[in-house]
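Hello,

Here is the structure we talked about handing over. Please load it first; my notes follow below.

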Amino acid sequence: MPSVCFYFQVHQPFRLKSYDCFKIGHDHFYEDEAKNKEILDRVATKCYLPANALLLHLIERYKGAFRISYSVSGTALEQMEKYRPDVLRSFQRLAETGCVEFLSETYYHSLSFLYSKDEFVRQVNAHRAKIAEHFHQVPTVFRNTELIYNNEIAAFVSGLGYSGIICEGLDTALGYRSPDFVYHPPFNPGIKCLLKNYKLSDDIAFRFSNRGWTEWPLTASKFAHWVHDIAGNGETINLFMDYETFGEHQWPETGIFGFVDHLPEEILKHPDFDFKTPSEVIRTYEARGEYDVHNLSSWADLERDLSAWLGNSLQQDAMERIYGLEKAVKETADINLIDTWAKLLTSDHFYYMSTKYWNDGDVHKYFSPYNTPYDAYINFMNVVTDLEYTVETALVRE
Amino acid sequence: MIRVLMLGWEFPPLFSGGLGIATFGIVKALSPKTRIRLIIPTAAALTKLNHVNITGFNHITAEELNFERLQFQFSSLPVETNQLPIRISPYHDINAEIVRTEWNDFQWLQTKKKVEIIHRLFVGTEVYGANIMHKVQLFTQLCEEIGSRNNFDIIHAHDWITFPAGVKIKAKTGKPLILHVHSLETDRAGVDVRNEIYALEKTAMEEADRIIVVSHYTKDQVVEHYQIDPARIVVVHNGIEPALTIRQRHRLNDKLVLFLGRLTHQKGPQFLLETAEKVCRVFPRVKFVVAGTGDQFIPLLETSAYRKLGSKFIFTGFLTKAKVNEALSMADVYFMPSVSEPFGLTALEAAQFGVPGVISSQSGVAEVLRGSLQADFWDTDKFANYIYALLRYKALAKEIAEKAKADLTQLTWGHAAKKILEIYSTLTEN
């Protein structure tokens with residue numbers, strides 16, 4: 001009995017205000033509060049509120065047969081607390097249905113695993129606490145920032161007690177095999193891997209409104225038909241995507257909400273199919289093989305690697321500089337200072353510095369508040385320079 | 001092969017700015033695929049290029065000109081001019097007395113004497129100078145005489161000093177005329193200028209079959225300030241001759257920010273000063289090296305002293321190419337705060353030397369040099385922030401210098417020549 005497993009990513013970074021060299025040493029507040037509120041308002045209006053309302057409605061309509069999951073970053077939750085408690089409340093209402101699972105991730109949506117295991121664990125724990133506080137759940141499935149993954153990460157996360165981890169379904173690791181089964185990492189049966197079916201996921205997330213696509217327009221029944229074709233050849237169809245797909249990346253005019261509205265009905269027309277959350281998938285299905293990934297991979301861009309965050313020397317330099325501050329910042333034992341530092345670990349700051357697709361001005365530019373990757377780097381580094389002074393001063397005072 | 005009558009003004013080794021370098025680069029890249037007759041006022045004996053027939057009026061012979069046909073009429077500039085009472089153009093310093101007396105009697109003189117006077121006007125190292133308008137008039141009429149022989153397919157004229165000649169030759173021969181704009185009077189003297197050079201540029205561009213401009217920025221200027229139909233304008237970005245460069249360590253404890261260019265209003269010296277003042281506030285260990293001279297030198301010197309920034313500036317005066325290269329090899333940042341820069345070849349030179357650049361958005365080079373930091377010329381806060389960042393964050397300086405070097409591989413005179421050849425063939429097809 002194959003299952004459809006939805007997971008939606010919800011994340012907002014704390015964007016930095018324009019911070020030029022003249023502010024260094026004088027101004028220790030880095031957030032662009034107006035912009036963060038403005039973007040949260042916009043995404044709430046276009047995506048979070050209407051999508052949450054629709055999904056809640058579907059969950060109620062199908063009385064437990066329609067089930068979904070979210071991963072909401074700590075920074076996104078914090079911004080909802082601060083600026084839009086109504087949005088937080090709408091997520092809580094979803095949690096209360098019992099049909100919605102919340103996954104575990106790093107609080108600051110960071111790449112901390114690569115730089116500091118201590119910080120990684122600290123962030124994962126902070127996030128668990130936040131999820132428990134708002135949604136009264138204890139996550140058992142982990143998803144790393146941007147689905148960054150390899151065997152080592154799986155082993156480490158398994159050691160933290162998780163029974164499952166969310167991954168991109170890499171062709172290079174799967175070979176001829178299908179992503180539509182549960183796998184486990186080599187020599188590690190204790191944790192199961194849920195692999196994103198990137199083809200079907202991207203049909204919704206990226207291609208849905210593309211009029212040049214031969215399958216346009218995509219209807220719920222056509223999509224359900226593709227899903228049903230997997231019957232007998234897979235056990236879990238993992239549809240993982242950014243939550244903003246609904247209403248923000250794919251505008252309401254494209255018919256995305258109507259598509260979602262009809263999808264459960266069309267999927268459930270086939271009596272063998274159901275919906276499951278990630279932990280239910282893990283409980284239900286056996287691992288059918290090894291998913292062996294040595295090099296770090298992610299769900300980003302065509303390369304599915306880390307080049308979107310660490311592809312150029314600016315990104316690497318910025319990353320090393322901010323993680324280089326960890327020891328000193330923690331020595332201050334100043335909770336506010338540590339929080340300010342950790343907010344600078346959010347992966348988005350480094351994504352803005354990517355020069356990869358600069359020429360095309362495509363998705364990277366769409367998501368960046370800066371005109372150029374250089375501006376992103378300079379602004380970030382000026383902030384880091386100020387934070388370094390602040391930390392230094394704090395330690396001297398002690 | 002298309003036969004091109006090319007009219008130029010600056011040409012190596014004689015030039016004061018980018019025009020000479022650009023003309024040379026274009027002629028050289030075109031030479032294997034065209035037959036070029038290049039006419040310039042002053043040609044050095046050493047200047048030779050394969051397949052290019054170069055004529056310099058500084059050593060023209062009596063045999064090369066038909067003095068019978070050559071009737072000098074000094075009111076014959078193809079424009080109506082209204083002289084403005086104030087001197088707002090860098091070229092406008094005209095001393096009419098110098099040659100006028102000789103002109104009035106010119107046609108009665110013996111050929112030998114005539115040739116002597118022509119040589120005298122075009123010899124020397126000052127390519128513009130006080131008597132520029134007379135040079136232009138004489139150049140126009142000499143070119144017109146040579147052009148009347150009609151042994152070419154197309155006319156290609158570089159900048160305003162050669163435009164009247166181009167227009168005259170077109171009128172006489174009916175051959176298609178291309179005007180190549182490297183710089184406009186509105187760049188040099190400000191957008192509100194309406195002097196005789198502006199009028200000359202405007203009239204000539206109205207006559208031309210095609211106008212080649214060195215940037216989209218300049219195209220916009222031509223459309224906005226000269227009301228020329230954009231359909232006749234083609235953008236051909238400049239290139240740069242590949243060169244091996246070195247980096248040298250300087251012995252100063254301070255970082256060096258290099259400004260390279262004429263010290264005229266157009267180059268933004270006041271924004272250089274404002275920026276320098278701001279950079280010094282946040283990064284005191286810095287010196288601004290100002291290489292070049294011009295009418296803004298004294299004001300800049302005085303203001304920098306008045307603002308107690310004297311020790312932060314090193315004024316070198318005009319530098320030879322070898323000295324410029326030395327400065328580039330040591331600079332930490334190249335800074336070009338131009339108010340209006342049609343292209344800005346020096347930014348490419350800096351890139352060649354691996355010097356990261358902070359450049360004005362009001363420039364043509366900003367369109368092609370992604371490896372650079374760009375701000376509006378008046379935004380000195382942003383300039384200062386960029387310079388600070390380049391001095392402070394090594395990874396940034398390195399990344400930008402590398403990106404700029406990658407940009408240079410696309411910026412060759414060969415690319416420019418290819419586009420120009422396309423224009424030639426469209427215009428000569430009919």
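I start with a helix pair in chain B. Keep in mind that this is a predicted model.

Helix α9 of chain B (residues 269–282) packs on helix α14 of chain B (residues 380–392) at an angle of about 50°, and the axes are 8 Å apart. On the α9(B) side the contact is made by B:Phe271, B:Glu274, B:Thr275, B:Lys278, B:Val279 and B:Val282. α14(B) answers with B:Thr380, B:Asp381, B:Phe383, B:Ala384, B:Ile387 and B:Tyr388. By class, the residues of this contact are seven nonpolar, two polar and three charged.

Next, the domains of chain A. The domain assignment gives domain 1 as 3–290 and domain 2 as 307–397. Taken over C-alpha atoms, the centres of these two domains of chain A are 25 Å apart. In the contact between them, domain 1 of chain A has 25 residues and domain 2 of chain A has 21. The domain 1 side divides into 10 nonpolar, nine polar and six charged residues.

Now the contact between the chains. Chain A puts in 12 residues and chain B 13. Two elements of chain A, α13 (313–323) and α18 (373–397), each give two or more residues to the side that touches chain B. The largest share of that side comes from α18(A), with four residues. The chain A side holds eight nonpolar, two polar and two charged residues.

Last, some backbone points in chain A.

- The peptide bond from A:Trp216 to A:Pro217 is cis, with omega near -5°. A:Pro217 sits in the loop between α8 (198–205) and α9 (220–228) of chain A.
- A:His136 is not a glycine, yet its phi is positive, about 55°. This residue lies in the loop between α5 (117–135) and β4 (141–142) of chain A. Buried or exposed? A:His136 has 11 other C-beta atoms within 10 Å, so it is exposed, the cut-off being 12 or fewer.
- A:Phe187 also has a positive phi, near 60°, in a residue other than glycine. Its place is the loop between β6 (182–184) and β7 (192–196) of chain A. A:Phe187 has 10 C-beta neighbours inside 10 Å and therefore counts as exposed.

Best wishes

Note on methods. Residues numbered from 1 in each chain as written. Chains lettered and ligands numbered in written order. Predicted model: local features only at pLDDT ≥ 70, side-chain atom pairs only at ≥ 80, totals over all residues. Domains from an automatic or database assignment. Contact = placed C-beta atoms within 7 Å. Nonpolar A, V, L, I, M, F, W, Y, C, P; charged D, E, K, R; others polar. Axes fitted to C-alpha atoms, helices over the stretch in contact; angles between N-to-C directions. Buried ≥ 20, exposed ≤ 12 C-beta atoms within 10 Å, placed from the backbone.
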